[in-house]
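Me: I've got a new model open and I'd like to get my bearings. Can we go through it together?

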Amino acid sequence: METTRHTCIKLEITDASDPIFVKGTWFHTHFELSITDGLNAWLCNASQEQVRERAAQWDQPVTEYIGLAERYLGFQQPGSAYGFTDAADGCKRLSWTFEKEGTKLEWRWKCGPAPNSKKVTAGILDFLMDANIRLSDEVVTKTQSFERLKVEAEKCLAQSERFSNEKVEFESAIYAKFLGVLNSKKAKLRDLRDQLLKQEVKRDLPQEEEESTDKTESFDEVSDDGKSEEEPVKDITSTSKGAPASGARGRKRITRK
């Protein structure tokens, strides 16, 4: 099924006091125009053959030709000169200009008088009213949606601020506890260090005393006969000195016999 698109614009005509309303119905290979100035109406039914012929003259595909026509007759383009001039037998010629590759071009389509101008005008007005209602409903819907989003955004912002404050408070509490534990650990480590230092000092002192006592005893040792080690040295000296005397006494005793 071929899809259709509808457009309707209030077209300001160059060198004309009053605007016209142009309603377009756009198909894949052709289009239809309904035009009114509020009193009279005109119709333009561009058939597939006519559109194909015009597109071939401009060396364009049909879809591109229709798309360009819809662009200029769906929205009034700034810089384009629109015209709606008289033609023979009550007809009108609708034209508009555009530039392509630096060249100014003009498209023109002949529009015949409508058999029933009131019906065409009423149809255009009905379309505008329906479009206005749809746009109004869309505006209301989007406004309500925007308001809901705004409320949700405010709630999210307030919640985010609350979470941020709670985070700061939590971090402050954690840091305070951490500092307390850290200081307590440092104090315990200092106490342990002091205790270790005291124990090392106590262990060092007895060793020094024992060493000094051992050195003293080594010089004061007593021999088995109750004399010191120095005394036998004296005895040996005295004996060596007295040895000749004892020998002499022995010789005298032998001579007497």
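Me: Okay, which strand is lysine 92 in?
Reply: Lysine 92 is in strand S6, residues 92-100. Strands here are DSSP runs of E with at least two residues, helices are runs of H or I with at least four, and both are numbered from the N terminus. Keep in mind that this is a predicted model, where local features need pLDDT of at least 70, side-chain atom pairs count only at pLDDT 80 or more, and totals for chains, interfaces and linings use all residues. Residues are numbered from 1 along each chain as its sequence is written, and side-chain values use heavy atoms, with hydrogens and water left out.

Me: Is lysine 92 buried or exposed?
Reply: Lysine 92 counts as buried because its relative accessibility is 16%. The cut-offs are under 20% relative accessible area for buried and over 50% for exposed, with partly exposed in between (1.4 Å probe, protein chains only).

Me: Which residues does lysine 92 touch?
Reply: Leaving out residues up to four places away in sequence, lysine 92 touches Trp42, Phe84, Thr85, Asp86, Ala87, Trp109, Lys110 and Cys111. A contact means heavy atoms within 4.5 Å.

Me: What joins the side chains of lysine 92 and aspartate 86?
Reply: A polar contact of 2.2 Å joins them. That term means a pair of N or O atoms within 3.5 Å; within protein, one must be able to donate a hydrogen and the other to accept it, and residues adjacent in sequence count only if both atoms are side-chain atoms.

Me: And where is aspartate 86, and is it buried or exposed?
Reply: Aspartate 86 is in strand S5, and it is exposed, with a relative accessible area of 60%. Apart from neighbours within four places in sequence, aspartate 86 is in contact with Cys91, Lys92 and Arg93.

Me: What's between S5 and S6?
Reply: A loop, and aspartate 89 lies in it. Aspartate 89 has a positive phi of about 60°, although it is not a glycine. It is exposed, with a relative accessible area of 74%.

Me: Which residue is found in the loop between S6 and strand S7?
Reply: Glutamate 101 is found there, with S7 covering 103-113. Its phi is positive too, near 55°, and it is not a glycine. Glutamate 101 is exposed at 78% relative accessible area.

Me: Switching topic: how many helices and strands does the protein chain have?
Reply: There are four helices and seven strands. From the N terminus on, the order is β-β-β-β-α-α-β-β-β-α-α. Of the 257 residues in the chain, 22% are buried.

Me: Which residues line the second largest pocket?
Reply: Lys92 is one of them, and Trp42 and Phe84 are also among them. By class, the lining has six nonpolar, one polar and three charged residues. Ala, Val, Leu, Ile, Met, Phe, Trp, Tyr, Cys and Pro count as nonpolar, Asp, Glu, Lys and Arg as charged, and the others, Gly among them, as polar. A pocket is an open set of points on a 1 Å grid over the protein atoms alone, where a 1.4 Å probe fits, with protein on both sides within 12 Å along at least five of seven lines; lining residues have an atom within 4 Å of a point.

Me: And which element gives the most to the lining of the largest pocket?
Reply: H3 does, with five residues.
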